[in-house]
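My entries follow in the order I made them.

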Amino acid sequence: MSDFERTRGAFTITTDPRRIDVDAVHAYLSRSYWAEQIPREIVARSIEGSLNFALLQGASQIGFARVVTDSATFAYLCDVYVLEEFRGQGLSKWLIGEMLTHPSLRGLRRFLLATRDAHGLYAQFGFAPPRNPAALMEITKPDFYKRAQGGA
Ligand SMILES: CC(C)(COP(=O)(O)OP(=O)(O)OC[C@H]1O[C@@H](n2cnc3c(N)ncnc32)[C@H](O)[C@@H]1OP(=O)(O)O)[C@@H](O)C(=O)NCCC(=O)NCCS
């Protein structure tokens with residue numbers, strides 16, 4: 001599929017794999033609350049297997065989101081961030097809104113995500129708590145990478 005690109009002033013959203021900065025994603029995720037201390041090699045592998053959206057200012061990556069999807073029925077949104085100095089100007093709303101127009105992500109039966117405190121962001125795009133939480137099951141490993149490094 002051809003790459004997806006949107007621009008707004010100095011900012012660009014792109015799915016072009018050549019413009020995804022794995023080091024920048026790793027630098028943020030390794031200090032995030034959900035993937036603290038994640039190894040770079042695992043970030044690189046996750047990006048290889050995902051539909052990735054880089055948020056750029058010029059050539060510099062200042063935000064990111066990735067979607068794990070079969071491009072037909074299901075998707076899982078994860079690793080959404082905007083760097084601290086660029087927050088509060090609507091960039092994540094722009095990123096999520098544009099992402100949802102991607103051809104691979106239209107007409108899906110289920111779109112999941114997990115968040116600690118950003119429900120109000122995603123609610124603006126139709127995400128809601130599971131209608132039937134009892135129907136969902138998971139295997140989850142809190143502090144997975146921290147423990148692997150002997151940090152927790
Ligand atoms: C969450 C995050 C991506 C928001 O980025 P941003 O570009 O500053 O956000 P925007 O300016 O587009 O505005 C976000 C909107 O969601 C709302 N919101 C709800 N929960 C929020 C939260 N926890 N953090 C930030 N915004 C939140 C804001 O109030 C705002 O709504 P409004 O402007 O319509 O009132 C950014 O704060 C971030 O990277 N946080 C750390 C990583 C993180 O928590 N990522 C989400 C993991 S699920």
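**Aromatic pairs**

I began with the rings and found 9 aromatic pairs in the structure. Rings of Phe, Tyr and Trp (its six-membered ring) pair if their centres lie within 6.5 Å; planes under 30 degrees apart are stacked, over 60 edge-to-face, and the rest tilted. I looked at Tyr33 and Trp34, an edge-to-face pair with 5.0 Å between centres and 80 degrees between planes. Tyr33 is partly exposed at 37% relative accessible area, and Trp34 is partly exposed at 33%. My cut-offs here: buried is under 20% relative accessible area, exposed is over 50%, and partly exposed is in between (1.4 Å probe, protein chains only).

I then took Phe144 and Tyr145, which are also listed as edge-to-face, at 5.3 Å centre to centre and 70 degrees between the planes. Phe144 counts as partly exposed because its relative accessibility is 43%. Tyr145 counts as buried because its value is 19%. Ring pairs also join Tyr28, Tyr33, Trp34, Phe64 and Tyr81 into a cluster.

**Ground rules**

I noted that this is a predicted model, where local features need pLDDT of at least 70 and side-chain atom pairs count only at pLDDT 80 or more, while totals for chains, interfaces and linings use all residues. Residues are numbered from 1 along each chain as its sequence is written, and side-chain values use heavy atoms, with hydrogens and water left out.

**Salt bridges**

Next I went to the charges. The structure holds 8 salt bridges, a salt bridge being a side-chain nitrogen of Lys or Arg within 4 Å of a carboxyl oxygen of Asp or Glu.

I checked Glu5 with Arg19, where the closest N and O atoms are 3.1 Å apart. Glu5 sits in strand β1 (residues 5-8) and Arg19 in the loop between β2 and α1, so this pair ties together parts 14 residues apart in sequence. Helices (H or I, at least four residues) and strands (E, at least two) are DSSP runs, numbered from the N terminus. Glu5 is partly exposed at 42%. Arg19 is partly exposed too, at 30%.

Asp16 and Arg18 meet in a salt bridge at 3.0 Å, N to O.

I then turned to Arg66 and Asp79, whose closest N and O atoms are 2.8 Å apart. Arg66 is in strand β4 and Asp79 in strand β5, so the bridge ties together parts 13 residues apart in sequence. Arg66 counts as buried at 12%. Asp79 counts as buried at 10%.

**Nonpolar core**

I looked up the largest nonpolar core and found 41 residues, with Leu29, Phe53, Val67, Leu77, Met99, Leu105 and Phe111 touching the most other members. Such a core is a set of buried Ala, Val, Leu, Ile, Met, Phe, Trp, Tyr and Cys residues joined through side-chain atoms within 4.5 Å. Elements giving two or more residues to this core are β2 (11-14), α1 (22-29), α2 (40-48), β3 (51-57), β4 (60-69), β5 (74-82), α3 (91-99) and α4 (119-123).

What does Met99 contact, neighbours within four places in sequence set aside? I found Phe53, Val67, Leu77, Leu105 and Phe111. Contact means heavy atoms within 4.5 Å.

I checked α3 for cover. It is mostly covered, with 7 of its 9 residues buried. Those buried residues are Leu91, Ser92, Trp94, Leu95, Ile96, Glu98 and Met99.

**Surface patch**

On the surface I found a nonpolar patch of Val68, Phe74 and Tyr76, with about 220 Å² of accessible area together. Patches take residues with over 30% relative accessible area and no salt bridge; like charges are joined within 9 Å, and nonpolar side chains (Val, Leu, Ile, Met, Phe, Trp, Tyr) within 5 Å. Accessible areas come from the Shrake-Rupley method with a 1.4 Å probe; for residues, only the protein chains shown count as cover. Val68 lies in strand β4 and is partly exposed at 35%.

**Positive phi**

Last, I looked at backbone angles. Gln37 is not a glycine, yet its phi is positive, about 70 degrees. Gln37 lies in the loop between α1 and α2 and is partly exposed at 30%. Asp143, also not a glycine, has a positive phi of about 55 degrees. Asp143 lies in the loop between α4 and α5 (144-148) and is partly exposed at 35%.
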